[in-house]
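Could you walk me through this model?

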Amino acid sequence: MIGALSRHRPLALLAAVVLAQVLLLAYQIRRSHDVRLIRYWSVEASTPAAQGGTWFFSHLGGLWSGYIGLRNARTENDQLRAEVAQLELQNRELETQANEAHRLEVLLNFREVHSEAQMLAAQVIEASADPASETLVINRGDEDRVKRNMAVITPDGVVGKVVEVFHGTSQVMLMTDKNMGVGAMFADTRTHGVIKGTGDPQPVMDYVVNDEKVAVGQTIVTSGEDKIFPKGLLVGVVASAKDGNPFQKIVVRPAARLDRLEDVIVLLTQEELAPGKPGTPYTVSPVPPPPPAPAAAQIKSTTTGGANPAKTENPAAPQSSAGVKTEHPVGTQATPVVKPDQLGGPAR
Amino acid sequence: MASMLNTGLQSEQNIEVHKFYSGSVVLVSFVALILQAFLHKYGRWADVVDLPLLIVIYFGVSRRNPVTGLLLGAAIGIFQDGLSHDNPIGLYGIAKTLVGYLASTIGAHIDTDHPVARFVLTFAFFHFHQCILAFTERALLNQSAPYFSLHLLVDSLISAAVAVFLFAALDRLRKSS
């Protein structure tokens, strides 16, 4: 470069002198907006470089934020994921506590409404390992004065009965168990029947004659004939009903959520619970008894008796509505005799 | 014309580099610039002949040194710009720098002492100078200066004629070899 300049020194000097004068001219000349030409040239010359630099650094910044910076983003993402997981866990715990508080509040209300009854709150601690057995275990036992054949309910309705009592726990048979029976009646017509477990989520109500008008959604309550469940406890509603031989096939949808039991109530006595406040589902107020029918049959409700259809005096005869005092049934027709093992007696 | 060119065009080895008395180049250039500015106030006719341009051409082709030629042209042109009051500095400077360089380069290859050669060279350099001026004005000043016109042709012919006599007068400033 230097050699070429020395060889062409006159030409190089010419270029330098001309260039210097061009710059001198550019310094003096003002273009539009009173901008010196040399400034105009400078801006024009530097603009592509500046644009290129801006493009380069913006893409470099994009490269940094898009790739290299992702290392930090990944770490931050992991931290956020862990934080979200922890928050979700806390949220579930809070939801669980809120649900538990709600359940306890319901239980407390139930206890306050039926303050005259002796009852014991219990928690379900495990279920049966046998899929065919609809039983569960509660955390109340002999030390809590729990005894066999005590009724287990929830504020929603009947759950089952205590079948085995241990020192600190008890085994409860659900009303859906095949060996379970509950004396029941329709809340409006007072027609009696027996709730039988089938092993399915929905038990059936047996011993209701075909002539009895049963509607879907009809409320079913305990009759108290089994000497286990006090009269008037909500059992469920009719899910479906159709004629059978010799009795109707009535499927009952339990009022209590038997598939998600957590807190239950053990009734320490069999005293009939007082009707709850209007609107509370705990018990169903009895309706006034209809006029007695001429051919009223009497239910053989004894602890040794049973709901044996074969012993029904007139199974096909229409059943009558029951009054308040259903332990002395005033049904127009014979109500099937309930066996104690089906009406809350030992399942064995 | 052909014989005159043949007489003028000699080999580079035979071309003599003229030297001048010390200070004569500066003094002549200064006088030319002052005279150009002084005569300018007496009317347009004084602008017909660009005396500084003729000085640049003469010393360029006489000294036959491109470096001194372009420097002299730059100095005279800038000085002329300075005296013009309305021209940006460098307008005449660029043009006369190129003329000085080109005149020195050409003078190093051909004999420019012949009056016809001086006439032709002055004529050519006048238009070359004008083209540079016009280009610079168009490019930098955004003005529509003409590259060529009949008026410029007349001026160039007059300048070339004046140059023949002026150069002969300036030859007296040469040192005798």
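Here is a quick tour, starting with the overall make-up and ending with confidence.

You're looking at a predicted model, where local features need pLDDT of at least 70, side-chain atom pairs count only at pLDDT 80 or more, and totals for chains, interfaces and linings use all residues. Residues are numbered from 1 along each chain as its sequence is written, while chains are lettered from A and ligands numbered from 1 in the order in which they are written.

**Chain A overall**
- Chain A has four helices and 12 strands; these are DSSP runs (H or I and at least four residues for helices, E and at least two for strands), numbered from the N terminus.
- Of the 348 residues in chain A, 37% are buried, meaning that 20 or more other C-beta atoms, placed from the backbone, lie within 10 Å of a residue's own.
- Take the contacts in chain A (C-beta atoms, placed from the backbone, within 7 Å) between residues at least 6 apart in sequence: 64% of them join residues at least 24 apart.

**First barrel on the tour**
- Six strands of chain A close up in the order β1-β2-β5-β4-β3-β12, with antiparallel pairing; strands pair if DSSP finds at least two bridges between them.
- Neighbouring strands here are turned by 45 degrees against each other on average, direction ignored.
- Strands β3 (residues 151-153) and β12 (residues 263-267) of chain A share two bridges, and Ile153(A) has Ile265(A) as its bridge partner.
- Helix α4 (residues 70-113) of chain A lies across β1 (119-127) and β12, at about 20 degrees to β12(A). Axes are lines fitted to C-alpha atoms, for helices over the stretch in contact, and angles run from 0 to 180 degrees between N-to-C directions.

**Another barrel**
- Chain A also has six strands closing in the order β6-β7-β8-β11-β10-β9, again antiparallel.
- Two bridges link β8 (residues 204-206) with β11 (residues 249-254) in chain A; Val204(A) is partnered with Val251(A).

**Where the chains meet**
- On chain A, 14 residues are in contact with 15 residues of chain B.
- Helix α2 (residues 9-28) of chain A gives the most to chain A's side, with 12 residues.

- The model scores ipTM 0.75 and pTM 0.42.
- Chain B has a mean pLDDT of 83, with 87% of its residues at 70 or more; pLDDT is the predictor's confidence in each residue, from 0 to 100.
- Residues 1-13 of chain B have pLDDT below 50. Where pLDDT is low, the predicted coordinates should not be read in detail.

Terms used:
Two residues are in contact if their C-beta atoms, placed from the backbone, lie within 7 Å. A residue is buried if 20 or more other C-beta atoms lie within 10 Å of its own, exposed if 12 or fewer, and partly exposed in between; C-beta atoms are placed from the backbone.
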